[in-house]
Amino acid sequence: MTKLTWHKSSYCGEGDSCIHVAATATGTIHLTESSDPTAAILSTTPAAFAALLRTTQRRAGAETA
């Protein structure tokens, strides 16, 4: 299996539970949570990940409006 390079959001503070994202050369997006002791990895398509981001951005914008 290809070694994944994980990236953490700049919004995540030190020691916080954060979502980490990695992508493969084939385009598969992988997500994991830093506080998950099982190190479970969710895999998805770029289109589904983009939909998740759009949805969470809309909800975050609605809360601050």
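Begin with the lining of the largest pocket, which by class holds eight nonpolar, four polar and one charged residues. In this grouping Ala, Val, Leu, Ile, Met, Phe, Trp, Tyr, Cys and Pro count as nonpolar, Asp, Glu, Lys and Arg as charged, and the others, Gly among them, as polar. The model is a predicted one, in which local features need pLDDT of at least 70 and side-chain atom pairs count only at pLDDT 80 or more, while totals for chains, interfaces and linings use all residues. Residues are numbered from 1 along each chain as its sequence is written, and side-chain values use heavy atoms, with hydrogens and water left out.

**The largest pocket**

The volume of the largest pocket is about 240 Å³. Thirteen residues line this pocket, and those closest to its centre are Ser 9, Ile 19, Val 21, Phe 49 and Leu 53. Select next the elements that give two or more residues to the lining: β1 (7-8), β2 (19-23) and α1 (46-64). Of the elements, α1 gives the most, with four residues. A pocket here is an open set of points on a 1 Å grid over the protein atoms alone, where a 1.4 Å probe fits, with protein on both sides within 12 Å along at least five of seven lines; lining residues have an atom within 4 Å of a point. Grid points are joined across faces, edges and corners, and the volume is the space filled by probe spheres set on the points.

**The whole chain**

Now display the whole protein as a cartoon. There are one helix and four strands, and from the N terminus on they run β-β-β-β-α. Helices (H or I, at least four residues) and strands (E, at least two) are DSSP runs, numbered from the N terminus. Of the 65 residues, 17% count as buried; buried means under 20% relative accessible area, exposed over 50%, and partly exposed in between, with a 1.4 Å probe and protein chains only.

**The sheet**

Select the four strands together. They form an open sheet in the order β1-β2-β3-β4, with antiparallel pairing. Because β1 and β4 stand at the edges, each with a single partner strand, one side of each is left without a neighbour in the sheet. Two strands pair if DSSP finds at least two bridges between them.

Start at β1 and move across:

- β1 and β2 run antiparallel and are joined by two bridges; the partner of Lys 8 in β2 is His 20.
- β2 and β3, also antiparallel, are joined by five bridges. Here His 20 stands opposite Thr 32, Val 21 opposite Leu 31, and Ala 23 has Ile 29 as its bridge partner.
- β3 and β4 (residues 42-44) run antiparallel with three bridges, and Leu 31 stands opposite Leu 42.

Colour the strands by accessibility next. Strand β3 (residues 29-33) is mostly covered, with four of its five residues buried. β2 has a covered face, made of His 20 and Ala 22, and an uncovered one, made of Ile 19, Val 21 and Ala 23.

**Ile 19**

Which residues does Ile 19 touch, not counting residues up to four places away in sequence? They are His 7, Lys 8, Ser 9, Leu 31, Thr 32 and Glu 33, where contact means heavy atoms within 4.5 Å. Ile 19 lies in strand β2 and is partly exposed, with a relative accessible area of 49%. A distance drawn from Ile 19 to Leu 31, C-alpha to C-alpha, gives 6.6 Å, although the two are 12 residues apart in sequence.

**Two backbone positions**

Select Gly 27, in the hairpin of β2 and β3. Five residues lie between these strands, and Gly 27 takes a positive phi near 100°. Then move to Ala 39, in the loop between β3 and β4. Its phi is near 55°, a positive value in a residue other than glycine.
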